[in-house]
Amino acid sequence: MQQLNESFKRRMKEMLLEKDYSAYLASFHKASYRGLRVNTLKISPKRFQEISPFKIRSIPWTENGFYYKDCQPAKHPYYHAGLYYLQEPSAMLPAFILPVEPGEKVLDLCAAPGGKSTELAAKLKGKGILISNDISASRAMALLKNLELFGIRNSVVLSEYPARLAQVFPAWFDKILVDAPCSGEGMFRKDPAIQKAWEKQGPDFYHKLQKEILESAVKMLRPGGKMVYSTCTFSKEENEGTLSWFLDKYKEMHLLPIEKKLPKEFETGRPDWGDGNEELLRCLRLWPHKVEGEGHFVALLEKKGRKEFSDSLQETNLETKEKFSKETLEFLEKCSISPKKERLLLLKDRVYLLPQGLPKLSGLRVLKPGLYLGDQKKNRFEPSQPLANALYPSEFKECIELQRDDLNVIKYLKGETISVKKTGCGWQLVCVDGFPLGFGKLQGGMLKNKYCMAWRMM
């Protein structure tokens, strides 16, 4: 068992009282739980259970989450096909309870590394817009990869201060997720190094930061819109304390009951840990000595007002179709992407497919304005890895199908040239059990590997 900070232990003993405090300390003698969340854009949870190459069991507070142990899912081809995301089980709850519907405008304000964004995107089912933001450009790169791995077509990745976004998107989003930066007390068991950060910047530092973030978030939420606030800490100040301040300052916001079938082991928020507001009973607290997961706090809020909303933001200007080469347009037609109908953007030599209704992003730090389709080169078009992950085999006629136990799958994921039983030449979509992995170029029975170098299996 790791050595816990004495100040932290005193606070926890005061919060939990003797019986629960002893149980909490005992939880450090147990291994943390590991989970994966199925990508419902590609496969149903039921079907994944049928084909899963490792033993899994359901997580009771999600519909598509599963526990696993004694295996390495990140080294399986299904991971590279984007069939699931590896995520701590309690961390699956915030995106699960935000009621996202296809066609909505959704913001994940503190999104890296992407676990919650990928679930929000799956809920949109390819319709509407997901804007995923993280102030840290380096962390946002991990977010970008995870969205691309999942095959998300309608996402935009930004790296901006929340206050700057509030200037650009006033009352624009239908749903917002604020998984706020916090002191991380709920993750001490999973990652002991977090305690060192806690000793440098504790609850008071994050309480102030959370208030600043929520002030920006409320400005971007339309009347009638909903927002989830979550943390992975136990701190009164960062949970009930932050929400007490928020609800008192912004009278148009109120807490909603979470109408999901949830385990009885979940506890409610504590009004006495805030300002006494009884609405705080609608929040949820997850304790690692009571659930099979780490510590978490979750709240669902709604902005009062009429739900009718007129979008006044101007859409992104697009390049004229004349700027796209014949080779580019021909390849996109093969992918069931109609250049005459779709919103295409050319940035230098990169071609992007923009979500419908995306407003102008001028002046913002944009890491990805839409689905990166590929590069327009002289006399040719080079399709991208994100495009491969976003396609269904039915959308690209030239496919090479491999089975998961075929040694060629691993060779392909390692970037090797492979021999295939197929004649002809040109671009091929390489699939494992019907799920795309990436592109290759066929010539004389040999497939030249085009799998993204940065993604290759080591």
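Mentor: The protein carries 73 positive and 57 negative side chains, and the centres of the two sets are 4 Å apart. Here Lys and Arg count as positive and Asp and Glu as negative, with His and the chain ends not counted; each charge is placed at NZ of Lys, CZ of Arg, CG of Asp or CD of Glu. The model is predicted: local features need pLDDT of at least 70, side-chain atom pairs count only at pLDDT 80 or more, and totals for chains, interfaces and linings use all residues. Residues are numbered from 1 along each chain as its sequence is written, and side-chain values use heavy atoms, leaving out hydrogens and water.

Of the 458 residues, 58% are buried, meaning under 20% relative accessible area with a 1.4 Å probe, protein chains only. The protein has 13 helices and 23 strands; these are DSSP runs numbered from the N terminus, with at least four residues (H or I) for helices and at least two (E) for strands.

Now the single part. An open sheet is formed by 5 strands in the order 19-21-22-23-20, with mixed pairing. Strand 19 (399-402) and strand 20 (418-419) are at the edges with a single partner strand each, so one side of each has no neighbour in the sheet. Two strands pair if DSSP finds at least two bridges between them. Strand 21 (residues 425-432) and strand 22 (residues 435-443) run antiparallel and are joined by 8 bridges. Within this pair, glutamine 428 stands opposite glycine 440 of strand 22.

Key:
Buried < 20%, exposed > 50% of the residue type's maximum accessible area, 1.4 Å probe, protein only.
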